[in-house]
Amino acid sequence: MAGEGEKGDCIGWAARDASGVLSPYKFNRRSLGNDDVFIKITHCGVCYADVIWTRNQLHDSNYPLVPGHEIVGVITEAGASVTCFKTGDLVGVGTYINSCRECEYCNAYTEHHCAKGATRTFNSIDIDGTFTKGGYSSYIVVHQRYCFLIPEGYPPAMAAPLLCAGITVYSPMKRYHMNQPGKSLGVIGLGGLGHMAVKFAKSFGLNVTVFSTSASKQEEALQILGADKFVISSDKQQMQSLTKSLDFIIDTASGKHPVDAYVSILKPHGVLVIVGAIGEVKLQSIDLIHGSKAIAASAVGGTKDIQEMIEFCAANKIYPQIETIQIQDINEALDRLVNRDVKYRFVIDIENSLK
């Protein structure tokens, strides 16, 4: 069993309690298995999930807790049965690192829906009985099935956000056919997920409308990200002018906000997909019935979709917009993330700052 405590050969930053304050922490990873790869971590993206679990917002956090599930690194050792990778490969690791590999969902490569529950990259039970620890650390050991090859030439720091933010919007866009050129898409929120939704949508050839409560994001949405229209969601007149105008809407905003106003903006047979944690959703069924509209939700994606998404980004030169930070700045970065003071994803330079 891997060791627990303030010693070990893996260096990380961990929260010790619900304050969420992170500080240096040493521990041991589990031993390398025949199907595992040993990854020296170079970069790790900062997701709002890191805030949720370091601060015990779901009341299930196990401390010490090392967060981070947008991991990029280099394979330095591979188990005897590894066939997908070789030493020196640049790979990514996302929100889960294991699943049963036997159920109908795993057999369909939708491992995030594993009937027995996928093993999360941090704050979950690993195969050796210890709690998994994430990418705010120097290295990680992962089964080859849950690693993803980063194409040559794709910047490692920019690859990190693809492992959660990228796949979280790419997966439902693919599933609900939001990739049809000429169709129209509304994107609610312009954070880490929202800006990736805009980038994917424009690459698919969609007409994109961004909804935000912040007028300060208009220039960025239109001039930098290439959206076709920007709407202040609190402006009732602007919202009403869009009635029955969009084929699809993807809601990437986090925190409580009304959804019903957006249903009227959908065309008949339109689909609204929620990917942000927004709490309770209240809708009048008649608003859906009139127009045969649908509302759905989604979270991350299976291993095949993740690899496909990474290759799509490389082929189409789609890059997240990031702010690179040192691990020593992580507590300030998490506070800034809560205050929405980032464009659009923090990425920790693990290789050059974690010593």
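Visitor: Is Tyr170 buried or exposed?
Guide: This is a predicted model. Buried means under 20% relative accessible area. Tyr170 has a relative accessible area of 4%, so Tyr170 is buried.

Visitor: How are the planes of the rings of Tyr170 and Phe204 set: stacked, edge-to-face or tilted?
Guide: Tyr170 sits in helix α4 and Phe204 in helix α5, 34 residues apart. Their ring centres are 6.4 Å apart. Planes under 30 degrees apart count as stacked and over 60 as edge-to-face. These planes lie at 45°, so the pair is tilted.

Visitor: Which residues do ring pairs link into a cluster with Tyr170?
Guide: Phe204 is one of them; at 12% relative accessibility, Phe204 counts as buried. The cluster holds Tyr170 together with Phe200, Phe204 and Phe312.

Visitor: How do the axes of α4 and α10 lie: roughly parallel or roughly perpendicular?
Guide: The axes of α4 (residues 165-175) and α10 (residues 303-315) come within 10 Å and cross at roughly 100°. Angles of 65 to 115 degrees count as roughly perpendicular. Therefore α4 and α10 are roughly perpendicular.

Visitor: Which residues of α10 make the contact with α4?
Guide: On the α4 side are Gly166, Ile167, Tyr170, Ser171 and Lys174. By class, the contact has five nonpolar, two polar and three charged residues. The α10 side is Asp305, Ile306, Glu308, Met309 and Phe312.

Visitor: What kind of pair do the rings of Tyr96 and Tyr146 form?
Guide: Tyr96 counts as buried at 5% relative accessibility, and Tyr146 at 0%. Their ring centres are 6.1 Å apart. The planes are at 75°, so the pair is edge-to-face.

Notes. Residues numbered from 1 in each chain as written. Predicted model: local features only at pLDDT ≥ 70, side-chain atom pairs only at ≥ 80, totals over all residues. Heavy atoms only, no water. Axes fitted to C-alpha atoms, helices over the stretch in contact; angles between N-to-C directions. Helix = DSSP H or I, 4+ residues; strand = E, 2+ residues; numbered from the N terminus. Parallel < 35°, antiparallel > 145°, perpendicular 65-115°, else oblique. Contact = heavy atoms within 4.5 Å. Nonpolar A, V, L, I, M, F, W, Y, C, P; charged D, E, K, R; others polar. Phe/Tyr/Trp six-rings, centres within 6.5 Å; stacked < 30°, edge-to-face > 60°. Buried < 20%, exposed > 50% of the residue type's maximum accessible area, 1.4 Å probe, protein only.
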